[in-house]
Amino acid sequence: MWQYRLMKLFLALLSPLLLACSAHADLNGDFQSRARSELIKPFARDLGGLLGAASADPGWRLGFPGFSAGALGALQVRPDKDDLILRDSGVGAFGVPLLEAAIGLPKGLALVAHGISYSGASILGGGLRYNVLKAPVVGGLLPTLGVGLFGDRVHAGAFSGQHYALNAAVGWKLPLLAPFIDAGLDLTRVRADAADAAGVSGQSAWAQGSRLGAGLELTPLPFLRLRAAYQLIHGIGGMTLGLLAVF
């Protein structure tokens, strides 16, 4: 059946993305050896853009007492030109995978938790999503509109961070296929917990960034959602993929 072929294709795409996301996860040694005061901010901008892209969604209403769970990944094709911590470490495409669970609340709200722990680093966060506008019928011309507010904490051996994101998405629910446009703002703080350069350990910096994306969500089987989107993460190309079970 075409649904199973589509799932196999999507999993074939998702697997290398998640591997690429985790390939450069253990950056503690590179961060510690390369961190300088002026490099913390661009590193924070790249980190926050990925976390924000991974938290973006199409803006659908989950419903009460709906539930969803799955795996998401966000990828950026290259570091920012000023992010010499990553660039000088030989990093090309890089990203972050997350596991996510959400529960629907009354009045169009949803409570979301996500995170992951790997290679000595951990990410833990979540937030609220709100469906501002719900299309009256599937396949209609009226769009859905959703917004979300998220916060994350990142802990690694050489650095730690805080991330805050404001997301918005507009989408159209068509049979089996739902296109959407998403946008977001990120505010990220990274603190150098260990650095070889004198005077850098203990320093921190805040960075701001924006995102804009467009994608599709497919429903090949009941309760299954496949999500793919192209993202501009503070002007640099990237993508997000997701595999979610929705009840």
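Local features are taken only where pLDDT is at least 70 and side-chain atom pairs only at pLDDT 80 or more, while totals for chains, interfaces and linings use all residues. Residues are numbered from 1 along each chain as its sequence is written, and side-chain values use heavy atoms, with hydrogens and water left out.

The predictor's confidence in each residue is given as pLDDT, on a scale from 0 to 100. Its mean over the chain is 87, and 86% of the residues reach 70 or more. Residues 20-26 fall below 50, and this stretch has 16 contacts in the model beyond near neighbours in sequence; a contact means heavy atoms within 4.5 Å. Where pLDDT is low, the predicted coordinates should not be read in detail.

The largest nonpolar core contains 32 residues, and Phe31, Phe43, Ile123, Phe159 and Val190 have the most contacts inside it. Such a core is a set of buried Ala, Val, Leu, Ile, Met, Phe, Trp, Tyr and Cys residues joined through side-chain atoms within 4.5 Å; buried means under 20% relative accessible area, exposed over 50% and partly exposed in between, with a 1.4 Å probe and protein chains only. Two or more residues of this core come from each of H3, helix H4 (84-87), S2, S4, S7 and strand S8 (204-218). Helices (H or I, at least four residues) and strands (E, at least two) are DSSP runs numbered from the N terminus. H3 gives the largest share of the core, 8 residues.

On a 1 Å grid over the protein atoms alone, a cavity is a set of points where a 1.4 Å probe fits but cannot get out; a pocket is an open set with protein on both sides within 12 Å along at least five of seven lines, and lining residues have an atom within 4 Å of a point. Grid points are joined across faces, edges and corners, and a volume is the space filled by probe spheres set on the points.

The largest pocket holds about 330 Å³ of space. Its lining has 24 residues, of which Asp57, Trp60, Arg61, Leu62 and Arg227 are the closest to the centre. Among the strands that each supply at least two lining residues are S2 (94-104), S9 (224-233) and S10 (236-246). By class, the lining has 11 nonpolar, 5 polar and 8 charged residues. Ala, Val, Leu, Ile, Met, Phe, Trp, Tyr, Cys and Pro count as nonpolar, Asp, Glu, Lys and Arg as charged, and the others, Gly among them, as polar.

There are 3 cavities of 30 Å³ or more.

Most residues other than glycine have a negative phi, and most peptide bonds are trans. Phe64 and Pro65 are joined by a cis peptide bond, with omega about 0 degrees; Pro65 lies in the loop between H3 and S1. Leu176 has a positive phi of about 70 degrees and sits in the loop between strand S6 (159-171) and S7. Leu176 is partly exposed, at 48% relative accessible area. His234, in the loop between S9 and S10, has a positive phi near 40 degrees and is buried, at 16%.
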